[in-house]
Amino acid sequence: MITLAKHIELLLLDHDCVIVPGLGGFIANHADAMYGGEQKDCFQPPYRTIGFNQQLQMNDGLLVQSYMMAYDTSYPFANLQMEKDLEKMLHELEMDGEYTLENIGTLKKGINQNITFVAPETGILSPALYGLHAYDIQSLSSVVKEKEIEKKLREATATMHIVSHEDREEKNEPKKRKDVVIHLNRRWIDFGISVAAAAVLLFCFSYPTMKNVGTETDTVVATFTPMQNVPLKAKEVAKTSKPATKMTGEKEEKVQQVEQKEQEVKEMVEVKEEKQEKEKKQETVKSAATEAHFSIVLASYVSQANAETFIKQLAKAGYNEGKYIKNGKVSRILYSEYATEADAQKALQTFRKENADFAEAWILEL
């Protein structure tokens, strides 16, 4: 059912005046496009406004014709239906004091039965003006002024940045200490410790020596309490010469012990170096062992019994490197292992030519 407001709205699309008998007339006015106004630098497109005149009461038949076309009926029936809708609208206007016509405006009941009309700010729908919207158009002078302001702001910001940078330098802020990391070879550290230990042992077991003026033998200079100068006899001199020989032998033994310890330290260093070289070789072997290698997959998701039967058939045909693996729910029959994918592909091509069991085989990276 089409309401009275809808009939008025549809008629206003093509007519500038629609009279509702017993209520008043709705008049559409054309407003020209304008620039500026309340909103500066804004272009307003043309639009249609709507007004209301309560003095227009004559029935021109335009609204009744709209009812006739909508209901496909005769003039009397359409006029009766229009009067019913108008009566309903007037009753609500009387009870509520206002009545809103959708997309048209609001009717308000005033003093002495006067009716005022409040039109929407956006105007009414006009097919000829549909799609036109307001938009801003800045003048050339305002654009130039904005660019000058932006330029001054950038210059001021750059000046402030330079001043703040100079102030920061004047404060002589302490520089952050950088940690220096020195990397030393462990072999050199062990060798230095060994040499230092040998030097300490040599210092502990050795004493300063000097040549005796009277004899060719070395004598040990030791601290002693001075005695009275008593002339020695020949026998006593001979007796004092014997301990010197004894002391010399002890020194030689100590020197031999020091040399022996130095040799032991050298041997320990050599053994340690050999051990480190062996560890490096073992790490190289491990790294080589952990490198990726490839294998040929002959079948997947097979039971162990079927896999063993298939591997035996391969062995009878001369292919002895088949094996069965299971990783979780995935089980496979693999054949041989290869260092590179190229070697695996080359072997697979050869096997496909020789044996039909390799026709659907594929390469797996282990």
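Q: If a salt bridge is a side-chain nitrogen of Lys or Arg within 4 Å of a carboxyl oxygen of Asp or Glu, how many salt bridges does the count come to?
A: This is a predicted model, in which local features need pLDDT of at least 70 and side-chain atom pairs count only at pLDDT 80 or more, whereas totals for chains, interfaces and linings use all residues. Residues are numbered from 1 along each chain as its sequence is written, and side-chain values use heavy atoms, with hydrogens and water left out. Side chains of opposite charge can pair when their charged atoms come close. By the salt-bridge rule, the count comes to four.

Q: In which helix do Glu9 and Lys6 both lie?
A: The side chains of Glu9 and Lys6 meet in a salt bridge with an N to O distance of 3.6 Å. Glu9 counts as buried at 14% relative accessibility (buried is under 20% relative accessible area, exposed over 50% and partly exposed in between, with a 1.4 Å probe and protein chains only), whereas Lys6 is partly exposed at 36%. With helices taken as DSSP runs of H or I of at least four residues, and strands as runs of E of at least two, numbered from the N terminus, these residues sit three apart, about one turn, in helix α1.

Q: How many residues apart in sequence are the parts that Lys109 and Glu94 tie together?
A: Lys109 is partly exposed at 24% relative accessibility, and Glu94 is partly exposed as well, at 47%. The two form a salt bridge whose closest N and O atoms are 2.4 Å apart. Because Lys109 lies in strand β7 and Glu94 in helix α3 (residues 75-96), the pair ties together parts whose separation in sequence is 15 residues.

Q: What is the relative accessibility of Glu337?
A: Glu337 forms a salt bridge with Lys323, with 2.8 Å between the closest N and O atoms. Glu337 belongs to strand β14 and Lys323 to strand β13, so the pair ties together parts that are 14 residues apart in sequence. Lys323 counts as partly exposed at 30% relative accessibility, while Glu337 counts as partly exposed at 40%.

Q: Is the ring pair of Tyr319 and Tyr335 stacked, tilted or edge-to-face?
A: Rings of Phe, Tyr and Trp (its six-membered ring) pair if their centres lie within 6.5 Å, and planes under 30 degrees apart count as stacked, over 60 as edge-to-face and the rest as tilted. A search of the whole structure finds 10 aromatic pairs. The rings of Tyr319 and Tyr335 have centres 6.0 Å apart and planes at 75°, so the pair is edge-to-face.

Q: In which strand does Tyr335 lie?
A: Tyr319 lies in the loop between α7 (304-316) and β13 (322-327), so its pairing with Tyr335 ties together parts that are 16 residues apart in sequence, the other part being strand β14.
Both Tyr319 and Tyr335 are buried, and Tyr335 itself lies in β14.

Q: At what angle are the ring planes of Phe351 and Phe358?
A: Phe351 and Phe358 are each buried, and together with Tyr319 and Tyr335 they form one aromatic cluster. The rings of Phe351 and Phe358 have centres 4.9 Å apart and form a tilted pair, because their planes are at 35°.
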